Amino acid sequence: MDWRIVRTLVVKDVTLYFRNRFFAFITILALVAYAVMYFLMPNAVDEEIEIGLYAPGMPSGFTAQLQEEGVILRAAASEEALKEAVGAGEYPVGVAFSADILEKLAAGQKDQVRIYFSPNFPDELKDAYAIVFEEIAFMLAGRPLNIEASGEVLGIDTAGAQIPPRDRMLPLFAVFVLLMETLGLASLISSEIEGRTIGALLITPMRVEGLFAGKGITGVGLAFVQAVILMTVTGGLDREPVLILAALLLGALLSTGIAFMIASVARDMLSVIGWGVLAIVALSVPALSVLLPGTISDWIKVIPSYYLVDTVHRAANFGIGWGEAGQNLLILLAFALAFLWLGVIVLRRKFR
Amino acid sequence: MTQKAIVTEALTYRYGQLTAVDHISFDVAEGEILGFLGPNGAGKSTTIKMLTGQLVPKEGRATVLGLDVAKASKKIQAQIGVSFETTNLYEQMSAEENLKLFARLFGVKDVDISALLQRVGLDGRGRERVESYSKGMKQRLMVARALVNRPRVLFLDEPTEGLDPTSAQAIRSVILEERERGATVFLTTHDMLEADKLSDRVAFINQGQIVALDTPHALKQQYGKRALKAQVASAAGSLETREIILDRPETSQAVRELFDREQVVTVHSEEASLEDIFIRITGRGLA
């Protein structure tokens, strides 16, 4: 392969990429927007629960113990005052215990604990708070209550190591940058076919292999550099940088293969965007597993980008090493090579 | 002995069941301009595509500069220039950038881009983006691009089709200059007058087959008829036309009788055009 020719082609493609005002604009806009969104998002986790409390029979030291658990207690003078404060939204939840709760529990009797939620309190959290109050009742009684509770940790157990929202989003931003690049590269190739310049290139000493090498280097380079810029600016490379760079590079390879496939079916820029958005949406689904752990089943692992998102997320946020990420990287490499190979095959047919 | 720049032997190409080029055999000498004439769909562009390595022949063989087109297309492509029928320039790049790009791809370092643009009448417009060019300017730039590597064989596919007279003339001048330089020119065109003026020889291709191949003069001799046309004044005072076929035994007598009996106002001779000959050979026009 003549690398002088490949270099010439890469320089030409990068020049044309940034002369396409649409793609130059969305490239820079996306980078800036993701970085700005990152810095605007909270950088700390709010692990405290604010609860209004009316518990006339509460033992001494109870408040301090709960506050150590991250619960901020706001004492109310009466049950009516508690209901009024919750209704006014001063705190989202209020709980009222009977004055004789300890005696009843000691006698083995059940007592009623009244929980008041503010009007806009999310339904899905009401059960969680109910469990919190059962916990409080347990602490009051000093022994297990007549209930059976079971817990399951869904996704990564982040107990004690919760991730700020912006750091949870960061790997997704990086992956989005990579995926967006499929549009740019596919458009470059598609316009080359549409404008028939591919014919002019192929009657020079350039070989088809050189053409694919040039396009591949352009695609991988543009995607990788943008993702690295984003991760560097946002501090996403502070932990396990080499591992994350390796994952991003494989992700760039994957997105290049997908871009080849899109270019082979697209007829113009509009159809590139149509096919591209479809691919981006499909490949973004694994992002949900990071945003909402436990909400997605194992089927998501058939989507190649899962291994990219998962690796970058766990490396950037939990500092996993090569040992833990090795399997992910191998699968990602296999997917990237398969997509690249398939992309080359279908695009080659299109060139003919 | 004159070297052959292009040689084809029973060259054939099929698109599925359709035979686009059907066992054509011809050769082109170095430094010769061959006009390759035929109507749309006759097989002109397919022939060029095979000779330039864009398509692999289904049957037969062809060599360009002694190299087999099916086996050494990249070596051939390094020594030829091709101007396509359809514009295929990088529209978001300037003319200069387009030419520099292809010069780099050909590995040519000492090409004078300004001189090249001047040759095709685009001097002073080289830094403008091609998207702002007219069709004629784009076509001239395509020809300039075909020259960046100083090709030994130049393939020009309909280089003047639909162009204004100035652009067409600029391209014709370049073709003649290239012949002067020693390059071989393979020219496909619809324009019979252009082919007549520029070509050393012309080949007529029809339905994938070469139906005639010779110099324009020889073709006219073989297939055309020369005539003498005269305008004579009638008794009523109007002008009438008389035609006498030349090169026949009775021609002398007919000319004498014309001048003796009629009041001749104007007289001129007329040669058969290549188009007339094409129609006569193929029974169809070039449209």
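Modeller: Two strands are said to pair when DSSP finds at least two bridges between them. With that in mind, and remembering throughout that this is a predicted model, we can begin with the open sheet of chain B, in which 4 strands follow the order β2-β1-β4-β5 with antiparallel pairing. At the edges of this sheet stand β2 (18-29) and β5 (67-68) of chain B, and because each has a single partner strand, one side of each is left without a neighbour in the sheet. Further in, strand β1 (residues 4-15) of chain B is joined to strand β4 (residues 59-64) of chain B by 5 bridges in the antiparallel sense, and there B:Ile6 is found opposite B:Val64 of β4(B).

From here we can turn to strand β8 (residues 184-189) of chain B, which is mostly covered, since 6 of its 6 residues are buried. In a regular strand the side chains alternate between the two faces of the sheet. In β8(B) both faces are covered, with B:Thr184, B:Phe186 and B:Thr188 buried on one side and B:Val185, B:Leu187 and B:Thr189 buried on the other.

This strand also has parallel partners. Strand β3 (residues 33-37) of chain B pairs with β8(B) in the parallel sense over 5 bridges, and B:Phe36 stands opposite B:Thr188 of β8(B). Strand β7 (residues 153-157) of chain B likewise runs parallel to β8(B), joined to that strand by 5 bridges, and here B:Val153 has B:Thr184 as its bridge partner. Between β7(B) and β8(B) the chain passes through helix α6 (residues 165-181) of chain B, in a β-α-β crossover that is right-handed.

Leaving out residues up to four places away in sequence, B:Val153 touches B:Ala5, B:Ile6, B:Val64, B:Leu65, B:Gln79, B:Ile80, B:Ala183, B:Thr184 and B:Phe186. In soluble globular proteins, nonpolar side chains tend to be buried together. Here the largest nonpolar core has 148 residues, and B:Val64, B:Val153 and B:Phe186 are among those with the most contacts inside it, together with A:Ala174, A:Ala227 and A:Ile262. Helix α7 (residues 165-194) of chain A gives the most to this core, supplying 15 residues. Another core, of 15 residues, lies apart from it, and includes A:Leu82, A:Phe97, A:Ile101 and A:Tyr116.

That brings us to the other chain and to where the two meet. Chain A contains 14 helices and 4 strands, and 40% of its 352 residues count as buried. The contact between the chains takes 15 residues from chain A and 18 residues from chain B. On the side of chain A that touches chain B, α1 (3-19) and α8 (197-202) of chain A each supply at least two residues, and the largest share, 5 residues, comes from α1(A). By type, the residues on that side of chain A divide into 6 nonpolar, 5 polar and 4 charged.

Key
Residues numbered from 1 in each chain as written. Chains lettered and ligands numbered in written order. Predicted model: local features only at pLDDT ≥ 70, side-chain atom pairs only at ≥ 80, totals over all residues. Contact = placed C-beta atoms within 7 Å. Nonpolar A, V, L, I, M, F, W, Y, C, P; charged D, E, K, R; others polar. Buried ≥ 20, exposed ≤ 12 C-beta atoms within 10 Å, placed from the backbone. Core = buried A, V, L, I, M, F, W, Y, C linked by C-beta atoms within 7 Å. Right-handed = clockwise from strand over helix to strand, strands pointing away.
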